[in-house]
Amino acid sequence: MSINPVLNELDELDRRIIVALQSDGRASWTSVADVCDTSVPTVARRAQQLLAEGIVRVGVTPDISHAGPVNLFILRIGCEAGRQAKVALELVRRDDVRFLTLVTGETDIIAELNVRTDDLLHTRLIDEVLAIDGVSRCETDLLLHTYKATNDWSRQLLTGKDHVYTPVEPHECDSSHFNDTDRAIVAVLRDDGRASFQGVADVIGVNESTVRRRFETLRARGCILVNTLVPAPALGFESEIIFMITVTPANLDSAARELATYQGVRYVAATLNGSSLMCEVILPTTRDVFDFVTRTLGPLPGVQGWTANMEMLNLKRGFIETPWWRGRLNGSGRDA
């Protein structure tokens, strides 16, 4: 089933442009044209069309700890029959939800909730999330450590070769790394990550050089992330699956690091409950999923078993709403 009728019309150049923007969402059209081996006007026209049609969205977000220490919780939410979409609509509006997807299986919704360490968890969960009309249950798990979160899986469309993933320890950011100007810059770029520095400067009332300098400093420090959102089917990937993998405690770290080296694995994190790893896999076909579970996951030392949920609709990634979810929910196939 197609996410958007326009996806059926994407050609190889469209896909190469998308992959180039996933590598760097703020890359100049000249740089993208060099990667795609075509002219700048062609790239600019095609890319702007992809952005306008909601197939691609670029946004800038601050590190999750920019306002102080936080914890991330994985929520596995069950809904009353027929209420899944309405619950998702309530959750997508929350600024503290980083990731949100409708899934198959006993769980209806999987989400990541960002909670400051000085906040009250029970208030967020009991008074707010569980109070949403249509929520029947919510299993909550603390995310302990992120091993991998990347878009490198898409680069095979450019080169046809696997890329070796080099683990990088996450940047530790705090409120002292941001001033009021920084926050204003990020607020503008959140919804339009490709806005020009001059355009941002005009909105917040500073000069262009200040915006450019502050942005580049934040990005170099790892205090902000440039995210390019695109539906996996646009790149020829049919299967997006979240695995919850049970691993013997002694093998938890080594199993996570091994999984992080596989190109089809987009995300790996350790959670507190049941010696588990949360692993998101994006693969071209069901056959590739079979190969992954039989040749990669199954033989991995320490793996005792897993549960899996297929992602039906992503509403949020990296705190940014996907541009296609409204169209999917209302059945039109286009952004509402």
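Is Arg-57 buried or exposed? In this predicted model, Arg-57 is buried, with a relative accessible area of 19%, where buried means under 20% relative accessible area, exposed over 50%, and partly exposed in between (1.4 Å probe, protein chains only). Local features need pLDDT of at least 70 and side-chain atom pairs count only at pLDDT 80 or more, while totals for chains, interfaces and linings use all residues. Residues are numbered from 1 along each chain as its sequence is written, and side-chain values use heavy atoms, with hydrogens and water left out.

Arg-57 belongs to strand 1 (residues 57-62); helices (H or I, at least four residues) and strands (E, at least two) are DSSP runs, numbered from the N terminus. Its side chain meets that of Asp-191 in a polar contact of 3.0 Å. Such a contact is a pair of N or O atoms within 3.5 Å; within protein, one must be able to donate a hydrogen and the other to accept it, and residues adjacent in sequence count only if both atoms are side-chain atoms. Beyond its neighbours within four places in sequence, Arg-57 is in contact (heavy atoms within 4.5 Å) with residues including Leu-51, Asn-227 and Glu-321.

We can turn next to the nonpolar cores. A nonpolar core is a set of buried Ala, Val, Leu, Ile, Met, Phe, Trp, Tyr and Cys residues joined through side-chain atoms within 4.5 Å. The largest has 41 residues, and Ile-17, Ile-18, Val-32 and Val-56 have the most contacts inside it. Among the elements that give two or more residues to this core are strand 1, helix 7, helix 8 and helix 9, and helix 1 gives the most, with six residues. Apart from this core lies another, of 26 residues, among them Phe-73 and Trp-325.

Helix 8 (residues 197-204) has Phe-197, Val-200 and Ala-201 as its buried residues. Seen down the helix axis, these fall within an arc of 100°, so they line one face of helix 8; the arc is that of the directions from the helix axis to the C-beta atoms. They pack against helix 7 (180-191) and helix 9 (208-221), whereas Asp-202 and Val-203 are exposed on the other side.

Glu-311, in strand 10 (residues 303-317), also counts as buried, at 10% relative accessibility. The side chains of Glu-311 and Asn-314 make a polar contact (2.8 Å). Glu-311 and Thr-101 are 210 residues apart in sequence, yet 6.4 Å apart in space, C-alpha to C-alpha.
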